[in-house]
Amino acid sequence: MVQAALAALGRLDQEHAMVYFQLIWNALREPMRQALEALVMERQIEGEATFPPFVQKLVDRGMREGELKGMREGELKGKRDTLLRQLARAGIVLTENESARIQACADIATLDRWLDNVLGAKTAAEVLS
């Protein structure tokens, strides 16, 4: 269905095609967006790229945003893991709520502050303050 929509967009002028493509793109769930990105990439690799340039620009932007999000999630996970390791090495036992608070933290500055707080701390409350 998406392929048919893209083919139909190719018959419109650039301005209208961009508007309609953006509407379609916004309506797609993440698995379908990934499938569309894969389709565009596959056609480019095979030399069959028949999509208008604006489609490629939007897909590229989505891929970059996804890469940035993935990098941020990786950085957050790494900091959380390091914090948990440092707490364990310091002999600081966490309650279930404290552990959940660390796992739910999505702020890099807060995780950095907590990592700094591990040095010299005797309790989780001192670290998570």
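What share of the chain's contacts with a separation of 6 or more comes from residues 24 or more positions apart? The share is 54%, where a contact means heavy atoms within 4.5 Å.

Before you click, know your model. It is predicted, so local features need pLDDT of at least 70, side-chain atom pairs count only at pLDDT 80 or more, and totals for chains, interfaces and linings use all residues. Residues are numbered from 1 along each chain as its sequence is written, and side-chain values use heavy atoms, leaving out hydrogens and water.

**Whole chain.** Show the cartoon. You have seven helices and zero strands. Helices here are DSSP runs of H or I with at least four residues, strands are runs of E with at least two, and both are numbered from the N terminus.

**Surface.** Turn it on. The chain exposes about 8700 Å², by the Shrake-Rupley method with a 1.4 Å probe. Carbon and sulfur atoms supply 56% of that area. Of the 129 residues, 29% are buried. Buried means under 20% relative accessible area, exposed over 50%, and partly exposed in between (1.4 Å probe, protein chains only).

**Salt bridges.** There are two. Each needs a side-chain nitrogen of Lys or Arg within 4 Å of a carboxyl oxygen of Asp or Glu.

- Select D81 and K77. Their closest N and O atoms are 2.7 Å apart. Both residues sit in helix α4 (residues 53–89), four residues apart, about one turn of the helix.
- Select K79 and D112. Their N to O distance is 2.6 Å. K79 is in helix α4 and D112 in helix α6 (residues 108–118), so this pair ties together parts 33 residues apart in sequence. K79 is buried at 18%; D112 is partly exposed at 29%.
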